[in-house]
Amino acid sequence: MSGDRIVVRDLSKFYGEVLGVNHVNLEVRPGLTGLVGPNGSGKSTLMHLLTGLLRPSGGSIEVLGITPDRPEELFRLLGYCTQYDSFPAGATGLGFLRHALALHGLDRAAADERAWRALERVGLVEAARRRIAGYSKGMRQRIKLAHACCHDPRVLVLDEPLNGLDPMGRAEMIDLFTTLAREGRHVIVSSHILHEVDAISDGVIMIHGGSVVAEGAIRAVRSEITSQPIQVLIRSDRPQVLAARLFELERVVEAKLVGDGGLLVRTRDADAFYTELNRIVLATGAEIETVAPADESVHAVYDYLIGEGAGGGTT
Amino acid sequence: MSASPDDRVRRRQVATLAAAVMRRSLLGRGALPVLLLVAMPLTLLLLRALFMPDAMRAAPTRATTEFAEAFHYFLLRFIVFFANALVFVRLFRGEILEQSFHYTLLAPLKRELLVIAKYLGGVATAVLVLVPTTTLSWLLAYLPHGAAGRSLALSAEGLGDLAAYLVIVCLACLAYGALFLLAGLFFRNPMVPAVLFLGWETLTPFLPPYLKALSFVHYLASFAPVPLSSRAFAVLAQPVAPWLALVALLAAALALVALAARLARGLEVSYAAD
């Protein structure tokens with residue numbers, strides 16, 4: 001039953017002999033999902049395939065049980081903010097949304113009401129009657145977001161939606177995405193700005209060279225990367241003492257003093273390590289300020305799986 | 001029986017898209033070439049009216065044959081043909097070149113309905129431009145002949161002729177429109193096949209009867225109210241009965257639109273390739 005999920009099975013897309021995506025399998029549940037990967041990794045191709053703007057060379061897609069070759073049903077529940085920075089000639093912000101909503105079958109009054117609501121949501125009320133051609137890059141990004149969510153879709157697919165936004169605008173849009181996700185929608189956000197994806201995503205899909213290299217909650221993905229010891233940062237009043245005792249443990253690969261009172265430990269078994277740590281803290285009487293995983297982040301997982309040399313320009 | 005909510009939505013979608021096509025074609029950047037094109041026959045006929053010799057002015061019946069020739073060889077084969085080409089090839093190609101086509105594809109409507117809506121918008125635009133152009137051209141052909149010309153134009157026979165010309169223009173919009181709609185979907189530069197088809201249409205009088213059947217102008221000529229003189233080397237063929245010509249033109253338009261709708265189902269957005 002795929003009625004509440006986005007299910008992708010063995011999806012491939014080739015542009016002639018050039019690979020777009022290759023045998024992708026995914027299952028996306030409600031919430032905010034980050035789609036990360038270097039430039040040219042296949043993020044936009046995957047999003048185009050999900051929304052029927054591209055036809056797959058093989059495999060299948062179901063968005064809440066609907067296939068992309070049924071646009072009359074799909075786009076009632078899906079909104080897509082593409083990376084294209086182009087608009088119909090002469091359109092104003094309000095006219096652009098009115099037209100989109102009229103294509104949803106809404107009458108003029110209902111389309112107006114929804115258009116204004118969407119403009120308010122993205123902070124473009126004052127510029128509503130101005131031509132989009134005169135908008136700044138950030139405003140154009142906002143009107144695209146308004147277009148994607150003006151019909152109140154259950155699924156939002158957003159391709160680099162934070163591009164061109166100033167820090168305040170980014171914060172507002174991130175807040176909007178998390179609100180929409182909390183309302184039970186599927187929000188898929190592609191970005192190459194990893195710390196932003198990290199801050200907002202419930203789960204992540206990592207794509208590289210057209211293939212999905214990891215999928216799921218960050219912690220789960222991280223725990224599956226057994227080739228890389230897990231890093232734990234401890235802040236304590238006696239880091240040297242702790243370091244000496246922890247270094248005796250078989251599971252600890254490295255214990256390194258960092259900054260003022262910090263101790264970075266690398267271990268192959270996090271659960272066993274935390275148990276041992278409690279015992280050592282009791283035995284030594286050290287005061288612990290914080291204990292936190294240091295590499296359960298999108299950035300760290302990305303580096304482990306794809307590597308900094310992937311050439312994607314990720315930050 | 002009242003329409004279902006789905007039917008109402010579909011009707012609104014078609015009306016919205018058709019209206020958008022008309023707005024873009026009549027008020028957008030694409031309107032200028034069409035307006036310049038339809039201004040050509042009007043300007044030529046106006047010049048003819050201004051500089052007409054007195055001897056010609058005194059012979060109003062010449063207007064009937066002269067307009068018939070002008071309509072068949074210039075208005076229909078050149079103005080109506082290229083006006084339709086300019087309107088219809090831009091229906092899809094215009095948005096693709098502008099890189100805004102994906103917004104249309106992101107609307108909740110079947111691709112087939114999208115094609116039909118755009119086609120109807122194109123037909124409405126072409127008819128809205130070409131019917132007044134033909135009517136004005138017709139008036140400009142008769143009015144210089146003074147009171148006799150006016151009375152000839154407004155007689156039952158004269159108005160009947162005008163109605164026949166307008167029927168031909170409307171049918172040409174339906175048929176050429178369908179052809180150019182398909183060309184706009186299929187070719188990156190649809191004006192090339194348009195010019196090739198114009199060549200084919202121009203050659204029609206010289207083609208054997210079974211090849212004449214593959215041209216639109218052969219069927220459109222069946223509605224001509226005034227018989228045309230035969231051209232040298234023209235191959236004579238039995239004219240098609242108007243009812244058969246009507247069925248043939250409508251069937252061809254329907255088939256071409258159906259083919260365009262089928263092609264549209266596989267449309268992808270890949271602006272880099274265009």
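Domain bounds, to start us off, come from an automatic or database domain assignment. For chain A, that assignment gives domain 1 (6-220) and domain 2 (229-294). The C-alpha centres of these two domains of chain A lie 42 Å apart.

A quick word on what we're looking at. This is a predicted model, where local features need pLDDT of at least 70, side-chain atom pairs count only at pLDDT 80 or more, and totals for chains, interfaces and linings use all residues. Residues are numbered from 1 along each chain as its sequence is written, and chains are lettered from A and ligands numbered from 1 in the order in which they are written.

Now, how do the two chains meet? In chain A, 23 residues are in contact with 22 residues of chain B; contact means C-beta atoms, placed from the backbone, within 7 Å. On the chain A side, helix H2 (71-77) and helix H3 (93-102) are the elements giving two or more residues. Helices here are DSSP runs of H or I, at least four residues, numbered from the N terminus. H2(A) gives the most, with 4 residues.

Over to chain B, please. Helix H2 (residues 31-50) and helix H6 (residues 111-142) of chain B have axes that come within 9 Å and cross at roughly 10°. Axes are lines fitted to C-alpha atoms over the stretch in contact, with angles from 0 to 180 degrees between N-to-C directions. So H2(B) is roughly parallel to H6(B), a label for angles under 35 degrees. Among the residues making this contact are Val34(B) and Leu42(B) of H2(B), and Leu130(B) and Thr133(B) of H6(B).

Key:
Parallel < 35°, antiparallel > 145°, perpendicular 65-115°, else oblique. Contact = placed C-beta atoms within 7 Å.
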